[in-house]
Amino acid sequence: MKIAVVGTGYVGLVTGTCFAETGNQVICVDIDVKKIDRMLNGEIPIYEPGLDVLFHRNVEEGRLKFTTNLAEGIKDAEVIFLALPTPPGEDGSADLKYILKVADDLGYILDKYAVIIDKSTVPVGTAEKVRATIAKNAKVEFDVVSNPEFLREGVAVEDFMKPDRVVVGTTSEKAKKVMEKLYAPLVRQGNPVIFMDERSAEMTKYAANSFLAMKITFMNEIANLCEKVGANVDDIRRGIGTDSRIGKRFLFAGIGYGGSCFPKDVQALAKTSADFDYDFRILKSVMEVNDDQKKKLLPMVHNFFDNDLKGKTIAVWGLAFKPYTDDIREAPALENIEALLAAGANITVYDPEAMDNVKAILGDKVTFCHTPYAALDDADALMIFTEWPQFRTPEFEKMGKLLKNKVIFDGRNLYELSTMREMGYTYFSIGREKVS
């Protein structure tokens, strides 16, 4: 099939590359000239494990191309994906200006039937708005379909190539046949393509992410209570996670969720609820708890240093909101670093992938280090914000020699309490007893 993907951000580039890998002819379109030039020169603008192999293979074999010209990009396309940003507004609503601008442009240049697919996460009713916007100037038949993505950063290629399910919102039989053909190579093992109306598909994405955010937040609330009653949240996680009704995933206590999806999608669903005069009380609590949880470690740090951080050097491991990505959107590390700087602390940081993105924001306010151990040299304490695998089994003896104080504030519960006792560390974590 001939496919156009409008927007080469995280979702768009993964979508285009993976569909090229299944034998389709794909053209990715973006108005960012510098980004398109980078990709034409073989440079991938995002970090995502495994994407580089597929990207280079399909470019070399001529199935994956790039352009800044929308008319050129959609020429002869049977399917046109809209993978455009939907940033949150001040009231939490998703901003549809980029999607509707492209929809307006499409109305003028469509010259044959095509299925227009909303791949971005969009509010209920967006497919109808896109359809109406295109229809104002369209002279040919077209369909608008909602096809939300369920990609996890860090494993997005695997998620796309082997989806748990594919959700398609359409009431058009013609569009349904196109979508069945499009996804057939990806669901050969029997994972379902679930068809529903457009509004239900749009709601499904928000419901899924909001439920997962709620699950994380519930465990953080349990962790906070564990600290008061003397229980261990890790034991509780194992105790309830083996219940098939609950499941093992998204039960790890920590310093809250971040990233490009959960915060934005929870806010957007809450805004939709308000627009329809429904008080979605759980979502309000989820947002409130998560905002507090991100700052969970700060009182521990202040108390340890007797509320005097001036001149203290705090080492930070992890800047990305999760491992295997360079994404720092809504990352807890940033909020904590800003608070520590405001308190007079010096900050040294290390992250395997996200330091360039943070440097663009913080500049020389913090010291960027080339190894995790370099960040520890003569630091007064270590704070951990991202659970990168290389942080899980460090050389504790080496760390102890580099740190002024053998103290760790761990926002991701990476280490066993028994190990910390054995190695002589003072260790603060989430939902577990303090080791001192």
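Let's start with Asp30, which counts as buried because its relative accessibility is 12% (buried means under 20% relative accessible area, exposed over 50%, and partly exposed in between, using a 1.4 Å probe and protein chains only). Keep in mind that this is a predicted model, where local features need pLDDT of at least 70, side-chain atom pairs count only at pLDDT 80 or more, and totals for chains, interfaces and linings use all residues. Residues are numbered from 1 along each chain as its sequence is written, and side-chain values use heavy atoms, with hydrogens and water left out.

**Salt bridges**

- A salt bridge here is a side-chain nitrogen of Lys or Arg within 4 Å of a carboxyl oxygen of Asp or Glu, and by that rule the count comes to 26.
- Buried Asp30 has a partner: its side chain forms a salt bridge with the side chain of Lys35, at 4.0 Å from N to O.
- Asp279 and Lys284 pair up too, with 2.6 Å from N to O.
- Asp279 is partly exposed, given its 39% relative accessibility, and Lys284 is partly exposed with a relative accessible area of 47%.

**A link between distant parts of the chain**

- Lys294 and Glu330 also meet through their side chains in a salt bridge, 3.3 Å from N to O.
- This pair ties together distant parts of the chain, 36 residues apart: Lys294 sits in the loop between helix H12 (281-293) and helix H13 (298-304), while Glu330 sits in the loop between strand S9 (313-317) and helix H14 (332-342).
- Those labels come from DSSP runs numbered from the N terminus: helices are H or I with at least four residues, strands are E with at least two.
- Lys294 counts as buried at 5% relative accessibility, whereas Glu330 counts as partly exposed at 41%.

**Where two helices cross**

- Helix H9 (residues 198-229) and helix H11 (residues 262-275) have axes that come within 9 Å and cross at roughly 115 degrees; the axes are lines fitted to C-alpha atoms, for helices over the stretch in contact, and angles run from 0 to 180 degrees between N-to-C directions.
- That angle makes H9 roughly perpendicular to H11 (under 35 degrees is roughly parallel, over 145 roughly antiparallel, 65 to 115 roughly perpendicular, and the rest oblique).
- Residues making the contact (heavy atoms within 4.5 Å) include Met203, Tyr206 and Leu212 of H9 and Phe262, Val266 and Leu269 of H11.
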